[in-house]
Amino acid sequence: MSDVNSERPQFDDFELLTEVSQLLTILDLDGILNRVVDLVIRLVGARRASLFLFDEGELDKKHLILTNPQQDAPLVSQVLKEGLAAWVVHYRQPTIVDDVLTDARWLPEQQVDQPARSAMSIPFVYENTVVALLTVVHEEPKHFTKYHLRMITALANQAIGAIRQAQSFHKLQNQQRQLEGVLHTIPDAILVLDDKGAILMANSAALPLLGNTAPEFFRNRLLIELTELDSALHPVQEIMREIGDSPLRPGTQWSFETRSENLKKDLQVSIAIWEDITQSMGGYVITMHDITQLRDLHRFKDEMLRVASHDLRSPLSLIIGYTDMISLDLGDPDSPIQGYLEVIRRSTERMNGLLDDLLRVERIRTSPLELHERVDPQKLIRVVLVNMRPFANEKKQRFESSIQLDGLEGIMADPVLIRQAMENLIGNAIKYTPEYGRILVRSYVEGGYFYFSVEDNGMGIPKDAIPHIFDSFYRVRSRKMVGIKGTGLGLSLVKTVIERHNGEIWVESEEQHGSTFTFRIPI
Ligand code: ADP
């Protein structure tokens with residue numbers, strides 16, 4: 001017993017307990033590791049110590065404690081590969097080396113004033129994995145005892161908890177920094193609000209919209225109190241006002257466009273609800289995407305349309321007028337020049353037709369719809385069929401219809417536009433179906449919707465073209481299309497009309513076999 005006691009270091013047990021328990025209050029990893037090393041050196045009277053930390057089996061080079069400044073990184077990796085450290089990590093066993101000169105596991109240190117003669121190495125094991133490795137040395141042989149080993153092992157058990165806690169904290173902090181980094185590099189402005197509309201976070205792109213004020217200025221303040229900072233926030237303010245104190249309704253979204261006069265930018269805004277059920281927290285995420293270029297394009301397009309409608313019309317009418325005059329002046333109806341004039345007239349009329357289409361699409365897109373009229377679809381379809389039948393007859397096509405609308409009193413629609421849409425679909429079916437083909441027009445009511453479909457057994461549409469078929473100016477490019485006239489505006493016009501009636505349109509088609517275009521609008 002007395003033997004053991006004489007091995008005891010001059011260290012108060014109570015002091016040790018206090019020091020160890022304090023480890024758990026430190027969140028800074030380097031702080032903990034330095035404290036552990038310091039404590040161990042004092043406890044066992046070691047000359048030098050090293051503490052390696054491992055993260056998922058790899059040496060954590062950022063948190064390496066070496067009390068001997070001459071010890072360098074290459075030696076660290078060497079001892080971990082083939083030295084004492086490698087042995088301890090592998091067997092997960094603490095060990096004492098009484099004399100390093102007789103132990104093959106010891107790799108001699110370079111340029112050390114007092115070379116080690118004895119050493120002790122202890123693994124910090126958590127769930128069967130070595131989390132850290134502590135090695136202490138002394139210049140005398142047989143310096144370290146079993147008692148030292150037991151004490152340091154006990155200390156290691158305490159330290160593991162603190163190390164793990166600090167590591168998790170670090171990881172969390174890193175993840176948070178990473179997330180913040182990502183948020184700040186996103187070019188869209190992002191504002192995160194709580195359920196009352198107070199700003200929790202704004203990314204870098206959002207700062208100019210908040211007048212480049214400091215986070216301390218806007219954080220936790222209601223966004224509606226800050227909307228004077230930028231005109232882009234005015235519509236947001238209106239929505240936030242409207243929402244008021246009503247509880248969050250997950251899934252709700254608002255989307256609209258706004259303009260920042262300060263930044264001279266047009267922005268597409270979307271407001272969505274975020275929710276953290278576990279913490280019963282929630283609020284709003286506002287994202288603003290710069291659409292200035294798109295808006296500029298729109299403005300350019302509007303300008304082009306204005307030019308087209310006014311400035312191109314008059315020269316075209318002049319061309320037609322003069323063509324007629326030349327034709328009359330020529331007198332001779334059999335002159336080949338009459339043929340040339342006819343080509344000029346036809347081409348000019350096509351240009352006029354194209355202008356008509358363009359302007360019509362634009363008018364429908366931008367003008368208010370006359371939807372307060374109750375239209376009788378049966379009557380409407382009858383007119384459409386009468387109008388279109390002669391074109392089918394011309395191509396000797398079978399033109400059939402199945403109209404089952406009995407009991408339907410009417411639909412709220414703009415009769416002129418809906419008639420044009422129907423005629424357009426039937427016109428396409430006739431155009432893209434060869435002679436002797438078959439066209440079937442169907443209309444019925446189902447689930448509160450009015451359906452209208454046109455089926456043909458014509459050339460059909462290639463699979464890769466289907467997603468684009470309703471785009472403006474899109475036409476399928478194929479050899480079969482050669483000689484079939486069109487502008488690619490018809491279907492885009494039909495789609496616009498149907499969508500403005502809150503309806504939908506789609507197509508099912510197979511190349512060589514035919515197509516079915518269907519639209520439905522709510523009754
Ligand atoms: P246009 O007929 O003036 O070319 P549309 O917008 O009406 O323009 O149609 C776009 C394209 O869709 C057409 O060029 C054609 O390739 C294809 N398409 C439309 N309707 C049919 C149909 N019934 N069958 C096969 N292809 C069709």
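## Pockets, defined

On a 1 Å grid over the protein atoms alone, a pocket is an open set of points where a 1.4 Å probe fits, with protein on both sides within 12 Å along at least five of seven lines; its lining residues have an atom within 4 Å of a point. Its volume is the space filled by probe spheres set on the points, which are joined across faces, edges and corners.

This is a predicted model, in which local features need pLDDT of at least 70, side-chain atom pairs count only at pLDDT 80 or more, and totals for chains, interfaces and linings use all residues. Residues are numbered from 1 along each chain as its sequence is written, and side-chain values use heavy atoms, leaving out hydrogens and water.

## The second largest pocket

Let's begin with the second largest pocket, which holds about 410 Å³ of space. Its lining has 19 residues, with Lys301, Asp302, Leu305, Leu358 and Glu362 nearest the centre. Of this lining, α9 supplies the largest share, 11 residues.

## The largest pocket and its ligand

The largest pocket has a volume of about 1200 Å³, and the ligand takes up its space. Here 47 residues form the lining, and Asn428, Lys431 and Tyr432 are among those nearest the centre. The largest share, nine residues, comes from α12.

Gly490 brings a backbone N or O atom to 3.2 Å from a ligand oxygen. The protein buries 98% of the 530 Å² that the ligand exposes when taken alone, an accessible area from the Shrake-Rupley method with a 1.4 Å probe.

Terms used
A polar contact is a pair of N or O atoms within 3.5 Å; within protein, one must be able to donate a hydrogen and the other to accept it, and residues adjacent in sequence count only if both atoms are side-chain atoms. A molecule sits in a cavity or pocket if more than half of its atoms lie within 2 Å of its grid points. Helices (H or I, at least four residues) and strands (E, at least two) are DSSP runs, numbered from the N terminus.
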